[in-house]
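Here are my notes on the model you asked me to look over. Keep the structure open beside you and follow along point by point.

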Amino acid sequence: MRRHLLPLLAIITTALPAQESRQLLPVPDKLVVLTFDDAVSNHATFVGPLLKKLGFGATFYVCEFPPDFETNKEQYMTWDQIKSLNDMGFEIGNHTGHHKHLNGLKKEQLVEEIEFIEKRCAGHGIPRPVTFCYPAYVTSPAALATLTEHGYLFAREGHGRAYDPAKDNPLLIPSVSLSGSKTEPFYNALKQAANGSIVVFTFHGIPEHTHPWVNTPPEIFEQYMRYLADNHFTVISVRDLGRYVDPSKARSAIVEQKH
Ligand SMILES: [Zn+2]
């Protein structure tokens with residue numbers, strides 16, 4: 001009996017169309033995505049371990065921020081630290097090689113900036129990034145086209161509102177950027193995580209040394225994370241949006257709506 005079972009299973013598995021083997025989940029209420037920009041050292045020493053303890057997913061958008069990524073290790077992670085976040089199960093996303101604003105770049109410069117991080121990841125045993133984050137939230141049609149050619153599934157920008165997968169292009173996902181000690185923007189944003197919408201948060205250093213205008217105090221951040229855990233939010237990475245959204249279908253549906 002057992003002899004016949006294996007070939008039969010092989011036939012069943014190969015006969016299934018690819019899309020049927022990947023069932024999308026409905027977007028639940030209280031779905032939150034966490035993103036952390038600019039490869040700040042405390043992402044590895046403080047944020048990652050805290051999120052791991054709470055069972056949260058997150059994306060760390062890395063670049064080699066000029067002029068002192070190589071030497072200023074109070075501010076920036078080493079590549080070994082970036083790899084350690086990957087090994088803890090977090091997503092490493094592409095934030096360009098050198099935090100370049102994309103709107104002024106020629107096609108070959110765009111490609112160079114995107115591939116720089118892909119090569120660094122390959123060199124450190126980190127999977128090729130599948131999601132992207134626009135430096136300073138600056139986008140351009142050429143950037144979108146280049147990301148599509150490079151197979152990126154999702155890309156994050158700013159705008160300060162929730163992400164509606166039925167309306168927003170998956171390569172232009174809005175996010176709510178948090179910094180400072182005022183907590184209302186965090187709690188107000190969470191109210192939008194309902195009825196099919198997802199709240200994507202952007203953080204920088206916790207704390208920041210080099211860019212104080214995007215500083216988040218560690219005790220405030222801990223308060224946010226405890227609130228998410230105590231109130232049973234689902235907290236994921238940008239890559240994990242693929243459980244709920246088929247990015248290529250979402251993109252074509254949105255293009256059709258606009259015509
Ligand atoms: Zn940045």
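1. Let's begin with helix α4, which runs over residues 107-123. Keep in mind that this is a predicted model. The helix has 17 residues, and the distance from its first C-alpha to its last is 24 Å, close to the 24 Å expected at 1.5 Å a residue.

2. Which residues of α4 are buried? They are Leu-110, Glu-113, Ile-114, Ile-117 and Cys-121. Look at how they are spaced along the helix. An α-helix has 3.6 residues a turn, so residues three or four places apart point the same way.

3. Now try the length check on helix α7, residues 218-230. Its 13 residues should span 18 Å at 1.5 Å a residue, and because its end C-alpha atoms are 18 Å apart, the two values agree. Just after α7 you'll find His-232, with a positive phi of about 60 degrees.

4. Next, a pair of helices. Two packed helices are described by the angle between their axes and the distance between the axes. For α2 (residues 41-54) and α3 (residues 79-87), the angle is about 35 degrees and the axes are 8 Å apart. Their crossing is left-handed. On the α2 side the contact is made by Ser-41, His-43, Ala-44 and Gly-48, while α3 brings Gln-81, Ser-84 and Leu-85. Sorted by type, the contact residues come to 2 nonpolar, 5 polar and no charged.

5. In soluble globular proteins, nonpolar side chains tend to be buried together. The largest nonpolar core here has 61 residues, and the members that touch the most others are Val-32, Val-33, Ala-155, Ile-198, Val-199 and Phe-201. Strand β1 (residues 31-37) gives the most to this core, with 5 residues.

6. Pick out Ile-198 and see what surrounds it. Leaving aside residues up to four places away in sequence, Ile-198 touches Val-27, Leu-31, Val-33, Ala-162, Tyr-163, Pro-165 and Ala-193.

7. Finally, step back to the whole protein. There are 8 helices and 8 strands, and 36% of the 259 residues count as buried. Among contacts between residues at least 6 apart in sequence, 71% join residues at least 24 apart.

Technical notes
Residues numbered from 1 in each chain as written. Predicted model: local features only at pLDDT ≥ 70, side-chain atom pairs only at ≥ 80, totals over all residues. Core = buried A, V, L, I, M, F, W, Y, C linked by C-beta atoms within 7 Å. Buried ≥ 20, exposed ≤ 12 C-beta atoms within 10 Å, placed from the backbone. Helix = DSSP H or I, 4+ residues; strand = E, 2+ residues; numbered from the N terminus. Contact = placed C-beta atoms within 7 Å. Axes fitted to C-alpha atoms, helices over the stretch in contact; angles between N-to-C directions. Left-handed = near helix turned anticlockwise from the far one by under 90°. Nonpolar A, V, L, I, M, F, W, Y, C, P; charged D, E, K, R; others polar. Expected span 1.5 Å × (residues − 1).
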